[in-house]
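Please look through the sequence and the model shown here.

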Amino acid sequence: MSLARTLIIAALIVAAGYGTTVLWRALERPDSRLETARCWFDNPASRSVECYRFTAPESRGTASNRSIRFPVVIFRSPSTPEDEPPVLHLMGGPGQPASIENNDQIKGWAQFLDGAVWARDRDHIVVDTRGVGGLSEPRLRCPMLSDVGWILSLETLKRTPGAREAAVRKMVESCRAGFVNEGIDLAAYDTANAATDLIDLRHALKLPSWSIYGISYGTRLALELIRRDPEGVHAAVLDSLSPPDEPTIASLLPNLDRALGLVYADCAAQPACAGAYPDLSRDMEAAVARLRAAPVAMTVKQPGGTRTLQVVLDDALYLQIVEYALVSGSWVPFLPGIINDTAKGGTRLLAHLAARLLFDDYWQHDANALLLSTLCREEVPFNTSAAMRQSVDAHPLLRNLEPDALLFASCASWPVGKAPDTFREPVVSNVPALLINGAYDTRTPAAYAERQAAHLTYVYRIVLPNRGHSPSPSSNCAKAAIDGFLDNPLSPAPPACLQHQRPPRFMTRGGPADRIERL
């Protein structure tokens, strides 16, 4: 399994006043409740904000009397038309917090909403779904599973057959035992239950409907909402679509191979890049072969910090760093230079990317235990060993990414059952949907959205040729497309900027490529 996949699988912080109940809302359903709460942060200047906590059964349809709770924040716009549905935001992961826990995070939300043309004149609902974030009860996080030191220690066990898998199982079993001892039903933390929570929340808020803005895993949760509660969804903006019927684990290597091929083709189409790197595909093969035969030691420094890591750079870690660059999108212009530099024995440029991956702040806050519950229930059982082996055999250059070994070992120690086969069926719907993709995305490629689009009646797609995963927060053209779509979901006017989107301008040595150290 690749390092990032290991990272991905990889105390409540309750602010003063969070638990203060001001009034009870009328409820549509007796098994869930919504309480108004005093906000645990300062109100931003540009918007009024309402705060709530939502409580729901942990395990519906059972005799359990356990409940879950999570925070709800509503950002009100002074210019929202009366008939405009609010926008529900769904985060990625699964397990990515919504970042609504303190003043700085709320200021960040206000700046994002005020800066996006589609968001300014709409109300927005932001939640941490069950198990996610420091204000949720319970919080499904095991810090050690995302500890970069422990993760790197697994790499030292590669030469001993089964050693890494045994170490992972031991750590996962220890994590699971803590939750089981608290009586937590880990199988209840999946997409289906999260969707039911949100349907109950919509009823409790007395909303006829809402629009949904989902990113990455948030799009899968959005699709489940569309499947279960179509009358409650006015329109859906789905950035980096992750449909339930795609075998995402078995697809990792072909997705990476396709994205690399796009880099080679786009570089060849630019004279400066083609002149500097005339055979980028061969450079990639040389870099992998060199590191596969003789891994090298590399020092990685924390960006803006003091921590350093001693890393053994082999072909698996190299490929994962390259995949991280493709996913980020912003590092794609540097990839030809990085690939060429690595083929020649260099690690200077690569070390900067490795630092961004290994010290990514996400790993300090993700609900990695919830991610395990979700993937072990909804993904792993549907990605067969035969499909995994076929994928590896078909991509010998990428084979050491091992897209299954450690995740399968983790799930063996995290028994949560298998999602119903019906969960993996394509979502068929008349709800208007805008599907947004970045061309370089290896996690949720545009092909996923293309296949899902065949099951949607009112669907509009854009693919940005200069972006990676989840491009809409940073792309002005995507923001313009979202605005036009939400204004008229059944017949949106495409923004003129779509005609002018081009692949990124690749950086070459002796020029902008050497500025990578400043980024």
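**Cores, spaces and backbone**

In the largest nonpolar core, which has 70 residues, the members that touch the most others are Val72, Ile125, Phe179, Leu198, Leu201 and Trp414. A nonpolar core here is a set of buried Ala, Val, Leu, Ile, Met, Phe, Trp, Tyr and Cys residues joined through side-chain atoms within 4.5 Å; buried means under 20% relative accessible area, exposed over 50%, and partly exposed in between (1.4 Å probe, protein chains only). A second, separate core has 52 residues, among them Tyr318, Ile321, Ala355 and Leu398. In soluble globular proteins, nonpolar side chains tend to be buried together.

The model is predicted: local features need pLDDT of at least 70, and side-chain atom pairs count only at pLDDT 80 or more, while totals for chains, interfaces and linings use all residues. Residues are numbered from 1 along each chain as its sequence is written, and side-chain values use heavy atoms, with hydrogens and water left out.

Beyond its neighbours within four places in sequence, Phe179 is in contact (heavy atoms within 4.5 Å) with Arg139, Leu140, Arg141, Cys142, Ile184, Leu186, Ala369 and Trp414.

The largest cavity has a volume of about 170 Å³. On a 1 Å grid over the protein atoms alone, a cavity is a set of points where a 1.4 Å probe fits but cannot get out, and lining residues have an atom within 4 Å of a point. The volume is the space filled by probe spheres set on the points, which are joined across faces, edges and corners. Of the 21 lining residues, Gly95, Thr129, Val132, Tyr217 and Leu221 are the closest to the centre of this cavity. Helix H6 (217–228) is one of the elements that supply at least two lining residues, and H6 gives the largest share, three residues. Helices (H or I, at least four residues) and strands (E, at least two) are DSSP runs, numbered from the N terminus.

Gly93 and Pro94 are joined by a cis bond with omega of about 5°, and Pro94 is in the loop between E5 and helix H2 (103–115). The bond from Glu137 to Pro138 is also cis, with omega near -5°; Pro138 is in the loop between strand E6 (124–127) and H3.

Most residues other than glycine have a negative phi, and most peptide bonds are trans. Ser99, in the loop between E5 and H2, has a positive phi of about 60° and is partly exposed, at 31% relative accessible area.

Technical notes:
1 Å grid on protein atoms, 1.4 Å probe; cavity = no way out; pocket = protein on both sides within 12 Å on 5 of 7 lines; lining within 4 Å.
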